[in-house]
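Hi,

Here is the structure I promised to pass on. Have a look at it first, and then read on for what I found.

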Amino acid sequence: MRILGKRFSLFFIVVCTVLLSAFIPHKFYVTTTSLRFVESNNSFQITSRLFIEDIESILVQSSIPDLKLAPDNDESVVDSLLTNYFEDNLIFTSVENEFKINFLGKEYKDDMMVCYLELKFDKLDENINIQNTLLFDFSEEQKNIIHYRNGNQRKSFLFTHTQPRFKIKLNPL
Amino acid sequence: MNIIHSHLIFLATLFFTSGLSAQPDSVVAKEGGHTNNNKFKQLYQEFFTPNSYRTASGAPGVDYYQQQVDYTMDIELDDKNKRLYGEEKITYTNNSPDALSYLWVQLEQNIRKKDAIAHEKDGNGAKPLMMVEEFVSDYLKDPFEGGFNIQSVKDANNRPLKHLINATMMRIDLPTPIKSGDQYTFSIKWWYNINNHVENRARSGFEYFTEDGNRAYVIAQFFPRLAVYNDVEGWQNYQFWGNGEFALNFGDYEVNLTVPADHIVDATGVLQNPKDVLSKQELNRYKKAQNTFDKPVIIVNQAEAEEREAGFSEKKKTWKFIAENVRDFGFASSRKFIWDMMAVKIGSQKVMAISLYPKEGNPLWEEYSTIAVAQTLKTYSKFTFDYPYPKAISVHAKNQGMEYPMICWNYGRPEKDGTYSDRVKFGMISVIIHEVGHNFFPMIVNSDERQWGWMDEGLDTFMQYLTEQEFGKKFPNSIMGLDNYPSRRGAPSKIVNYMGGDQSFISPIMSNPENVYQLGSNAYAKPATALNILRETVMGKELFDYAFKTYAQRWMFKHPSPEDFFRTMEDASAVDLDWFWRGWFYSTDYVDIGVQSVKKFFISKEPNAEIKGKLAAYNMTLDDLPPAVFTVMEDSEDFNPEYAEGSPMNHSKVLDTYVKDNFTEEQLKGLKVPKYFYEIEFEKPGGLVMPIIVEYTFADGTSERITYPVQVWRKNDKVVRKVMASDKEITNILVDPDLETADIDISNNSWPKKEADSDFENFIKKTEN
């Protein structure tokens, strides 16, 4: 048996787990985001990988019913939808500030959509809170991983429905 | 030799002990012992003991046997009531050495019974989002009345046979045991309600087209089928829970399919009565196709199919098929089908490549389906054996890809206006290659899918990758704008995310399909990638291809077990692979190998402090040693900058003298003395052992590639040190330069440490351009 193309995933994730399934739930529901602090310009380079079908079904529900995510699509519409989605679901704050992330663009790689974002700090705060709820509106089983890197320091965080927030120290003193 | 010069013993002691840590100052508790946990440990504990059924070489043994089960069936499709009726006569030949007092028959349809226990196999709780059809079917509608209704089970004399149904298995109790070598004939009469496979996400059923009120049936697991009895499992009666597929016997089939008179049908086996079921025009085209090798001949075209789907005949027609030596039977039937076929030459045989699709599949299907079938048969035959069946059919089915002997269902549907994206096109070609490819694994090399998903899915996905790449080369127009066919699976880099992922959601490949996380990565992508790496990096294509073909031919029309595959791959290649199977198939370890450090060293006049210390400890002087060459590390106290000057020969009198005494004038002239010596330390944070592929780049811009065999990790699983001597300075070292090992972290792969450009940086560069 063949695993179904991701485009139908939403449908069968939901349906096939209980009934006889010719299809395998397409994967575990995980997004991975690499978060890298670049000291030279006080910024985070953010690279998020999402399954195309998952994000597509969310955007379809929330905005354009017949939206298809494919490389030959109207880029600006998709980009603005994604910008909003990331603004709502990948949030960086400190005690004093809420930071704005810039959506730089995206690439389609096989069944994944790779999104590139950047956060530029005017002034560094010591503690940064990260809230990652990407695709939590898609699946209850959704989990998100952030691989954080700052120089040689590396750390990974697992965001879940019960623990959607973590704190990182930017300037360990 | 029993007398060893004491000098040599001393020298040996120096070498063997140098590098080991000195005796600790304080006394610590003595470490306990341990069992063999070496990555190269033999697989005797994991493998079954070879025997006369299955040999240590991986071939069938002298006593190998398999049961034969032949079926004669009358089947009727009731389109109006969405029901299937059947009466089957089964002839069971007991080739085993054992007498059998009962038979187990598989009833897969029973997984659709209202009260099937399989509905409750998961514990995922409430769903935040449900498709409306699912919600309605779960909470508002009466549940679907699925499953077999067994009307009778009778012996050859029409006497009822005692039987017991346990979920998806039925035991038939025999009046007297079937002795070894005996045959037993009995019959089963049944019917069931056919499910909508689109709603149900099933492997078999119908799709309903609201626009014209027609159904397209793709029917399989539709009759009670004998379970396998063999030397490995006894009766393989592991229940059908939905994920683990099928274990089936070879046999001959004679099947009469009665369907509405205006349906077009195709099935496993050869159509016996084309004259009875085809129009004159269709028959002419059908005959023409049998000898048309260059392009598909359309038997029923789109206009004709559209005309058919408008009427609903009350009459019936019976299509007769005969199939020899198959493990199963499937068929497709609808008014909506367009039908095309072409002949393909495979070895000395002619095979028909066939497609069936409703107009909803066009224009994509007319263009690509049959040629994808043909290419699959060619490539797979080249790597295994000549395709032995007379035909291979690809049937369009919404959303599903599923395989049966000679026939399979494949997805790939354009938009309503006929347009389609590359994703739909390549998805369709890939699934056709994959499902037609399943004819080889597991339809002919008949592994037990219920127990091992990877044996057919992994091998098939590996072959799919090779076929896709050939397809791209053969039909360059199909991949316009790309260098290669965009295979989703197979390339080592594609498995990195999975293998480097969260260990709590990864299972070893050697797991039952019901119990793994991420079955797609586990049973399809990882084994396919492992075999690809085995072929291209570990064994080399020539050794791999011969061994793989040997496996396919040894087990063609037989039932192989995992060990038969593992053992054959070694047996036919003389490549020890226990470490590979252990790591890639029995564990969830991953590859991560890098360069830890690079040290320069030089030939020195004097021994270093360590050797001096040892000499003093043994109360010896330099004169007590046999002629020896000394080296010192650049970063050690013993290093003297003058060692870096001039030829290394200048710094070792012993070496200089030896060379002058032992080399001829001629040899001395051509003597190349390496000027630079390096000790490179490779680290292995990953659990998998793999050959170390290294590219050394020199100051003059040239480079040299060296592959250190995997055996280098035998005695140290964490770090190994290799020496590189060269007359040129090394400027750069890169491990796995072509990304062929699925190394999950390449940030440690280069020296001097160089941050590989991240995806982020590459993207920024690309957008700036």
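Ala343(B) has Met352(B) in strand 20 of chain B as its bridge partner. In this predicted model, local features need pLDDT of at least 70 and side-chain atom pairs count only at pLDDT 80 or more, while totals for chains, interfaces and linings use all residues. Residues are numbered from 1 along each chain as its sequence is written, and chains are lettered from A and ligands numbered from 1 in the order in which they are written.

Back to the strands: strand 19 (residues 338-346) and strand 20 (residues 349-357) of chain B pair in the antiparallel sense over 9 bridges. Here strands (E, at least two residues) and helices (H or I, at least four) are DSSP runs, numbered from the N terminus, and two strands pair if DSSP finds at least two bridges between them. Both strands belong to an open sheet of 6 strands in chain B, with the order 16-19-20-21-23-22 and mixed pairing. Its edges are strand 16 (297-300) and strand 22 (402-404), each pairing on one side only. Neighbouring strands of the sheet are turned by 20 degrees against each other on average, direction ignored.

Two helices pack here. Helix 7 (residues 364-383) of chain B packs on the sheet and touches strand 19, strand 20 and strand 21 (391-396), with its direction at about 145 degrees to that of strand 20 of chain B. Helix 8 (residues 422-437) of chain B lies across strand 21, strand 22 and strand 23 (407-410), at about 155 degrees to strand 23 of chain B. Axes are lines fitted to C-alpha atoms, for helices over the stretch in contact, and angles run from 0 to 180 degrees between N-to-C directions. A contact means that the C-beta atoms of two residues, placed from the backbone, lie within 7 Å.

Now the cores. The largest nonpolar core has 168 residues, and those with the most contacts inside it are Leu257(B), Ala353(B), Leu377(B), Ala392(B) and Val395(B). Helix 12 (residues 519-539) of chain B gives the most to this core, with 11 residues. A second, separate core of 30 residues includes Leu59(A), Met113(A), Ile146(A) and Ile168(A). Such a core is a set of buried Ala, Val, Leu, Ile, Met, Phe, Trp, Tyr and Cys residues joined through C-beta atoms within 7 Å; buried means that 20 or more other C-beta atoms lie within 10 Å of a residue's own, with C-beta atoms placed from the backbone. Beyond four places in sequence, the contacts of Leu257(B) include Ile75(B), Trp319(B) and Phe331(B).

Chain A has an open sheet of 3 strands, in the order 3-6-9 with antiparallel pairing. Strand 3 (90-93) and strand 9 (165-169) of chain A are its edges. Strand 6 (residues 127-132) of chain A is joined to strand 9 of chain A by 5 bridges, and Asn129(A) stands opposite Lys167(A) in strand 9 of chain A.

As for chain B overall, it comes to 19 helices and 31 strands, and buried residues make up 42% of its 769 residues. Its C-alpha atoms fill a box of roughly 105 × 70 × 60 Å along the principal axes.

A word on confidence: the model scores ipTM 0.75 and pTM 0.86. Chain B averages a pLDDT (the predictor's confidence in each residue, from 0 to 100) of 93. Over residues 17-23 of chain B, pLDDT stays under 50. Where pLDDT is low, the predicted coordinates should not be read in detail.

Best wishes

Terms used
Buried ≥ 20, exposed ≤ 12 C-beta atoms within 10 Å, placed from the backbone.
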